[in-house]
Amino acid sequence: MQYEWQRVSSEIARDIESGRIPAGAALPSILRLAQQYGVADHTVRRALRDLRERGLIETLPHKGSYVRTQD
């Protein structure tokens, strides 16, 4: 069984790895992602934290989350 944040994180990671969301692209806002995936905003926040920990995205204060470029 998977938690909702894991499902959201996996789907976003799959989109990043497939190139559907390219390096350097901004992710939608937390509220928009919550609507898109049908979850609460705290679920999206947890998913984004997971993606940051995995090195797939970076979050800039007051600017949002972006897909990291692979070094």
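**A guided reading of the predicted model**

P22 lies in the loop between α1 and α2. Helices (H or I, at least four residues) and strands (E, at least two) are DSSP runs, numbered from the N terminus. P22 is partly exposed, with a relative accessible area of 45%; buried means under 20%, exposed over 50%, and partly exposed in between (1.4 Å probe, protein chains only). Although P22 and T69 are 47 residues apart along the chain, their C-alpha atoms are separated by 8.6 Å.

This is a predicted model, in which local features need pLDDT of at least 70 and side-chain atom pairs count only at pLDDT 80 or more, while totals for chains, interfaces and linings use all residues. Residues are numbered from 1 along each chain as its sequence is written, and side-chain values use heavy atoms, with hydrogens and water left out.

Helix α1 contains D15, which counts as buried at 14% relative accessibility. Apart from neighbours within four places in sequence, D15 is in contact (heavy atoms within 4.5 Å) with R20, I21 and Y37.

The interior may be considered next. In soluble globular proteins, nonpolar side chains tend to be buried together. A nonpolar core is a set of buried Ala, Val, Leu, Ile, Met, Phe, Trp, Tyr and Cys residues joined through side-chain atoms within 4.5 Å. The largest such core has 18 residues, and I12, I16, L27, L48, L51 and I57 touch the most other members. Two or more residues each are given to this core by α1 (4-18), α2 (30-37) and α3 (41-53). Leaving aside neighbours within four places in sequence, L27 has contacts with I12, I21, L48, I57, S65 and V67.

Strand β1 (residues 57-60) pairs with β2 in the antiparallel sense over four bridges; two strands pair if DSSP finds at least two bridges between them. L60 has G64 in β2 as its bridge partner. Three residues lie between the strands of this hairpin, where H62 takes a positive phi near 65°.
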